[in-house]
Amino acid sequence: GSVLGQGASATVHNLGDGLVAKRVANDPGAAIWEMQCLLMIQPSPNIVKLVGHMINRDGSFDLVLAHGGRSLTQVLHDRGHRFPVHELLNIIHQLGQALASLGEQGYVHKDVKPDNVLYDNKTVVIIDFGVADYTSSLGTEIIGTFGYMAPEIFVPDSPIASADAFS
């Protein structure tokens, strides 16, 4: 299908019918980690749903995800970075619910940013759990998008779920 986006380690292809394939070509371990996270996280209307996975002939790994809407980055751009207050509050509320759910389950997303949030003018969905981690197993490696990182990310062994809320 058509390419919807490309990041540092993956390309997202539109499969149609509300599904996308996130193809991880160079690091199947990262794809497996993301799949494990999505399988372990309790379902939430604001967290992307894993539908399946495929290993391709070239060794790349596809995660098949339920996909709705466009990235918040795209929506912000299209709207000239303007939202009615009630809509903005709804987006913030839904993001808060998703992050609270992750934190209650012991996870930190570690890369919350507009590119990793989908929005269909009603529902917000957090995507891209490639660098997510358990709060109990965080090490000293700093991973994420610099401009969206909470200050405590830079202190060894300190990131906690509330660091996602900073983003």
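## A nonpolar surface patch

Patches are made of residues with over 30% relative accessible area and no salt bridge, like charges being joined within 9 Å and nonpolar side chains (Val, Leu, Ile, Met, Phe, Trp, Tyr) within 5 Å. In this predicted model, local features need pLDDT of at least 70 and side-chain atom pairs count only at pLDDT 80 or more, while totals for chains, interfaces and linings use all residues. Residues are numbered from 1 along each chain as its sequence is written, and side-chain values use heavy atoms, with hydrogens and water left out.

One such nonpolar patch on the surface is formed by Val85, Leu88, Leu89 and Ile92, which together have about 390 Å² of accessible area. Valine 85 belongs to helix H3 (residues 85-104), and valine 85 is exposed at 61% relative accessibility, exposed being over 50%, buried under 20% and partly exposed in between (1.4 Å probe, protein chains only).

## A buried loop residue

Isoleucine 47, in the loop between helix H1 (28-40) and strand S4 (50-55), is buried with a relative accessible area of 4%. Leaving aside neighbours within four places in sequence, the contacts of isoleucine 47 are Leu38, Ile41, Ala98, Ser101, Leu102, Val125, Ile126 and Phe129, where contact means heavy atoms within 4.5 Å. The C-alpha atoms of isoleucine 47 and leucine 99 are separated by 9.0 Å, although these residues are 52 residues apart along the chain.

Technical notes
Helix = DSSP H or I, 4+ residues; strand = E, 2+ residues; numbered from the N terminus. Areas by Shrake-Rupley, 256 points an atom, 1.4 Å probe, with all protein chains shown as cover. Salt bridge = Lys/Arg side-chain N within 4 Å of Asp/Glu carboxyl O.
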